[in-house]
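Please keep the sequence and the structure at hand while reading.

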Amino acid sequence: MYLINRDKQDICMAQIQNNYIAGKWVAGITSIENRNPSNHAEVIGEFAQASSAQVQEALSAAKQAQLVWQATGLEARLQVLQAIGDEMIARCDELGKLLSQEEGKPFAEGRGEVYRAGQFFQYYAAQVLRQMGETADSVRPGVEIETRREPMGIVAIISPWNFPTATASWKIAPALAFGNAVIWKPANLTPASAVALTEIIAKQNLPDGLFNLVMGSGSEVGEQLINSTEVDAISFTGSLQVGRRIAQAAAGNLTKFQLEMGSKNALIVLDDADLDIAADCAVGGAFGGTGQKCTASSRLIVTEGVHDAFVEKVKQRMANLKVGDALAEGVTIGPVVDAKQLQQNRDYMKLAEDEGCELVCGGEIDDSQGYFMTPALFVNTTNQMRINREEAFAPIACVIKVADYEEALATLNDTEYGLTGGICTQSLKYASHFKRHAKTGCVMVNLPTAGTDYHVPFGGRKNSSYGSREQGQYAEEFYTEVKTSYIKA
């Protein structure tokens with residue numbers, strides 16, 4: 001592994017980017033600076049922070065606009081969502097560069113994220129026409145029954161910084177498709193991508209106030225939204241700690257909520273695995289996106305018969321990783337998102353060493369220009385160590401040696417989380433058993449734990465998720481409520 005950097009750029013100050021409320025771009029009470037994690041001397045721009053009064057204005061506008069949108073014809077809704085998706089895909093190079101510049105993932109990943117986000121809008125554009133009700137005969141003569149789904153109303157969306165465009169899109173698109181109004185609070189670490197997406201949405205023929213962007217801190221803007229009695233549903237992706245806070249607040253108001261939170265995913269490698277496939281799955285799954293993915297495989301559970309050979313193959317692949325500026329040619333691992341995250345990574349590196357783990361590759365840190373860290377691989381670890389219990393959100397993977405499949409499965413399931421789990425094996429017996437007995441919401445066989453499709457449900461178990469699934473047709477369950485009508489002629 002080695003570092004690649006672009007030439008240091010001059011500081012570039014841009015005009016303050018505003019919030020979008022009730023169909024207008026409005027200045028905030030304060031603003032924050034957004035810096036490039038590849039070059040912390042480079043300012044991407046300044047972004048307005050919404051006031052409490054502005055959040056309330058967004059809520060009021062959303063309430064009126066939602067009624068108009070709910071009554072809008074299906075083809076009009078379809079055209080809006082299709083246009084958003086088409087523009088995102090057409091501009092994926094431009095918007096992907098912006099995303100990589102502020103979040104730190106390599107350009108290929110940034111471009112891919114924007115393209116995928118566009119596909120979410122296109123998918124839910126098609127779903128607009130698939131909203132079908134059901135009919136049933138009553139137990140009472142002459143009575144007919146009809147069930148249908150109607151919008152929740154106002155949906156508050158609180159999205160994370162690690163997938164600033166994709167995660168927001170897989171929430172915003174179904175919310176609009178099923179007739180809701182949206183108030184979006186993005187992460188303050190990635191506001192430029194939020195403004196770019198909002199600019200595309202704002203071009204569409206939407207009622208003023210149907211879609212609102214309110215930038216600000218979780219402790220202020222986020223707290224106001226989760227405590228509001230005017231919000232009908234809350235969709236959140238972030239930490240377990242914040243998720244629990246949202247659950248407490250939403251339950252007090254009986255507000256519907258959906259939470260995607262922490263993870264501690266594992267990849268099992270059995271003695272019969274194709275070790276080249278297994279090593280590719282491990283490196284891609286553990287270190288892609290600088291390890292800052294909720295689906296990253298930070299635990300590598302390997303049976304003793306192939307342990308040493310597997311570790312060597314992983315080390316060989318890690319040696320070819322290129323760490324550096326997210327927009328530099330050939331870079332495969334960008335910087336971590338900010339100084340706070342880099343310090344947390346340092347702390348977990350020290351924790352692993354203090355717990356007796358052996359560092360066999362990587363772990364070098366360079367913060368002279370950006371927040372760079374080469375991916376780290378530890379061996380001689382156990383599943384009871386804190387490094388294997390807590391979500392580090394870092395490019396750190398720990399190998400856990402086990403005797404056999406049974407111990408591997410038990411180790412994978414021995415965690416408070418349950419988002420994704422993977423296995424590398426050529427055995428149909430073990431693959432089939434694993435699919436049924438892994439206590440995770442997503443299961444991968446001979447694939448990285450990181451990487452899911454947009455047309456099928458996504459979510460986890462235990463402390464990873466709460467509420468109905470996201471994505472695909474399953475999103476309808478969260479963004480709508482069922483109405484049953486009885487009719488007597």
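At what angle do helix H7 and helix H8 pack, and how far apart are their axes? In this predicted model, helix H7 (residues 218-227) packs with helix H8 (residues 240-253) at an angle of about 35°, and their axes lie 8 Å apart. On the side of H7 the contact is made by Glu223, Ile226 and Asn227, while H8 contributes Arg245, Ile246, Ala249, Ala250 and Asn253.

Seven strands form an open sheet in the order S17-S20-S21-S15-S14-S23-S24, and their pairing is mixed. Strand S17 (358-361) and strand S24 (442-445) are the edge strands, each of which pairs on one side only, and from one strand to the next the twist averages 25°. Within this order, strand S14 (residues 265-269) and strand S23 (residues 420-424) pair in the parallel sense over four bridges, and Ile268 has Ile423 in S23 as its bridge partner.

Two helices that pack on the sheet are set out below, each with the strands it touches and its direction relative to one of them.

| Helix | Strands touched | Angle between directions |
|---|---|---|
| H9 (residues 275-287) | S14, S15 (297-303), S20 (376-381), S21 (396-402), S23 | about 170° with S14 |
| H13 (residues 428-437) | S14, S23, S24 | about 170° with S24 |

How values were computed
Residues are numbered from 1 along each chain as its sequence is written. This is a predicted model: local features need pLDDT of at least 70, side-chain atom pairs count only at pLDDT 80 or more; totals for chains, interfaces and linings use all residues. Side-chain values use heavy atoms; hydrogens and water are left out. Axes are lines fitted to C-alpha atoms, for helices over the stretch in contact, and angles run from 0 to 180 degrees between N-to-C directions. Contact means heavy atoms within 4.5 Å. Two strands pair if DSSP finds at least two bridges between them.
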